[in-house]
Amino acid sequence: MFTLYLKRLLLSFSLLLFLVPSLNAQDISKLKIKGNYNDQLLQLVLLDLKIKYRLNIEFNEEVGKDIKITATFGKIPLPEALNTILSGTKLDFKIEEPRTVTIYEKIEEQRDLAIHKPSKYDFTITGVVKDKKSGESLPFATVIIKGKNNGATTNVDGYFTLFNVPSDTAVIEVQYLGYQTKRIRLKPNMDFEDLKIFLEDFSHEIEEIIVLAEKEEQLLEASTGISKIGFTPATLAALPSFGEKDIFRSLQLLPGVSGTNESSAGLYIRGGTPDQNLVLFDDFTVYHVDHLFGFFSAFNTNAIKDVQLYKGGFDAKYGGRISSVVDLTGKDGNSEQFNMGLGLSLLSVNGFVESPFADGKGTFLIAGRRSFQSNFYNNLFDAFTKDTGNNETQGAGGGRRFAQQQVQPNSYFYDLNAKLTYRFSPKDVVSLSFYNGQDILDNSRITDSNSLGGKFGSGNSNFSFSSDNIDLTNWGNWGASGKWGRKWSDRFYSKAIVSFSNYFSERDRSNETTITRTDSTTIRKNGSYENNDLKDITFKWDNEWKISGSNQLEFGLQSTYNDIKYQFVQNDTSILLDRVDQGLIASLYVQDKHTFFDKLILKGGLRASYYDVSENVYYEPRASLTYLLSNKFKLKAAWGQYYQFATRIVREDIQQGSRDFWLLSNDENVPVSYSEHFIGGASYETPSFLFDVEAYYKKLGGLSEYTTRFTTTGFGPDRTLDYEELFYSGIGYAKGIEFLAQKKVGKFTGWLGYTLGEVKYDFDAFGDEPFYANQDQTHEFKAVELFKYKKWDFGATFVYATGKPYTAPTSFYELTLLDGSTASFFEVSDKNALRLPDYHRFDISATYNFNMGNSKANLGLSIFNVYNRQNVWYKEYEVIEGELIETDVSLLNITPSLFFTWKLR
């Protein structure tokens, strides 16, 4: 019954997204228009047509700012309706496909043809693209010549160079995700060596209009490259969340990225694990991306301007990881005026301030976020620590432990971003970026006789008991970078970066127990201390040389020094593990991109890295091609080899839970990780829709598993505890195919994504046959739907995936030990031979946008897991009275959340 309901829900959801009435494919000249306007501003009339009939109307608001329209007409063709509306004005129109109407001034057009005759042909334009309101430069914006295949993309500082412009009266079109497309007719008197283009975001309103115009607003950009997807954090507001716009949680809604990992904000991309992803924030590496046990990512969207995800086949300038790249660009700060904002949810409070200084040459931004211990926070904490709340807990040997007091852990997280940017000249930009994010958990408690019942309780005068338990955990990241970017000429750009990154994870657990009897007092102490500290110091020098309009060369160098320490101490004195890994990686890269006949784009590159630990040089060739069959249809392929030198290892700990730590490969017992990517695909794109498919195959090598075995030698006071580190290495593969269908414009937008995948590992130590990796999922389907209605934004997401593999006990037996006690031992299945139940979840959200004077605000509600699906996180097993008991540990139940944000501007 539920399965039938689910199928109907999915079908309805998909139809709603893609079968909303649309006339995009029709000849809009035949579109029937009806209108009744009485002394209304032209802007309002055009806005009404835009919304009612889903038209894209290009119109200079200044030209018709004071024009009022009085017109009444029945259902007549669009050209007749426009002639009626514009009758008596100095305006004219032209209709273009798809569904585009351009309104222009007749006199100005004639004057332009008479006065602004072309004076230059086949020349080059250089300039910068910025946000009109804040002055922020916009990276990775697209600048094209209308009607031509000729185009350019802005770099990280917003600069672009456009070659082979046919004339100085041509029309150029500028697009950036989350912003209104702008078309500019060039004029001979423009400064083509420093052309400044300003774009408006989708919050821009005409006059004081209540209803926002329907614009070409899309949430993500998935057609700009091979296995590459880009988006801006500002577009995430409508997606369901926990009151926190979360970049990594949003990425998990894309095909090829696992969306079922509620317990981790890390990204499992095309069968890879989170540590195999290179995460860059303003060019420094972030090694840990989680808050609150992985439920939130560690990045504040108020501080981030742009996000680029490379799911595979990435360029030669990126190295050190074998799966994917997430490149985050931080905001510089408002260069036009002071601005600030605040946000509040049931989980945290956040805010930012930004301002220009030095007459706009400099900007700064400071953004911060901190959680507070609300009931909502505690519910999430309990869900992920699985605190049962029982006063009595089961002991390891089957007996009962002493009762414990109920203690609410003191836990919180915070993150802080700061950035200072200064433009010494139109060609030089210097910036300093800083980040710190940390989680702190204090689970310390005191247990004494007052909490005990029975004969050990406070009524027993012959016995007293106290236990002081210290349990402190903190983990997080520090990061900073300094960048100098210089535009040497209209063809050559360089940037030099010095960065520092520090990941730390520390846990201090100790217990001092005092037992007092009538004739004696006994004090027992035990505990453990665990510390993982990773430092990364990097220098990078990147260069872009635009040799011609069809040829671009990129080259540079990178040097990274890693210092990684891991220490595990027991009872203050027994150092069980004490690893110190240090290594230097020096890399050079070169990459050339060439376009042939405006149809074939070839890109080839080579990265060479010297690793001083192994004293070897590792060569990483990369190649990709794109072939444009038409303006809408293209084929694409990529191939590359990748190496990884820093690896995250999981240490088994049966009593306290497995822990992970970073170490450096030594190419002996810990091999250098390796992968080889093969990617092929095709895409079909119109102004309203995108259909994309990619198949991938990844060969994996140098995979590592790790465990420790502790043994004792000697007797009595001379007894010592020894340990042995056991590393297992293996190979594997990941393969799959991804489908994306995206509706980019209209009141209804969103996408459908499907991934068919397989990940298998082969370790000699685990058997003769390959086994499914922990992150393997055969099928995964996602649907994302956004709907705009007046001041409301509605969002809904659905995720379905087949279950992940796991290993389980198949039987058990009991043995009597030398001391007379009994212990249970398990026989287990083949590794990852079983599957958890299928996963599915439906989330919804509603956001109301409104003005508070001249400032803007929104108020929203989000509901996670609407139909309260009990998705299994993992399974627990125990033997009770001779019977093997299996328990499903579930993820989050239905969880509502409220949020409020306010911005001065």
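## Surroundings of Asp428

Which residues does Asp428 touch, not counting residues up to four places away in sequence? In this predicted model, the residues touched by Asp428 are Tyr422, Arg423, Trp484, Gly485 and Arg486. Asp428 itself belongs to strand β24, which spans residues 428-442, and with a relative accessible area of 11% Asp428 is buried.

Two of these contacts are polar and run from side chain to side chain: Asp428 and Arg486 are joined at 2.5 Å, while the side chain of Asp428 reaches that of Trp484 at 3.1 Å.

## Aromatic pairs

The model holds 37 aromatic pairs. One of them is formed by Phe123 and Phe192, whose rings lie 5.0 Å apart from centre to centre with 55 degrees between the planes, a tilted arrangement. This pair links distant parts of the chain, since Phe123 is in strand β6 (residues 121-131) and Phe192, 69 residues apart from it, is in the loop between β11 (182-185) and β12 (195-199). Phe123 is buried at 8% relative accessibility, and Phe192 is buried at 5%.

## A ring cluster and charges over a ring

Ring pairs also connect Phe748, Phe787, Tyr789, Trp792, Phe794, Tyr848 and Phe850 into a cluster.

The ring of Tyr772 has the charged end of Lys760 sitting over it, 4.7 Å from the ring centre, and Arg835 lies over the face of Tyr772 at 4.6 Å from the ring centre.

How values were computed: Residues numbered from 1 in each chain as written. Predicted model: local features only at pLDDT ≥ 70, side-chain atom pairs only at ≥ 80, totals over all residues. Heavy atoms only, no water. Helix = DSSP H or I, 4+ residues; strand = E, 2+ residues; numbered from the N terminus. Buried < 20%, exposed > 50% of the residue type's maximum accessible area, 1.4 Å probe, protein only. Polar contact = N/O pair within 3.5 Å; in protein donor to acceptor, adjacent residues only side chain to side chain. Contact = heavy atoms within 4.5 Å. Phe/Tyr/Trp six-rings, centres within 6.5 Å; stacked < 30°, edge-to-face > 60°. Lys NZ or Arg CZ within 6 Å of the ring centre and 35° of its normal.
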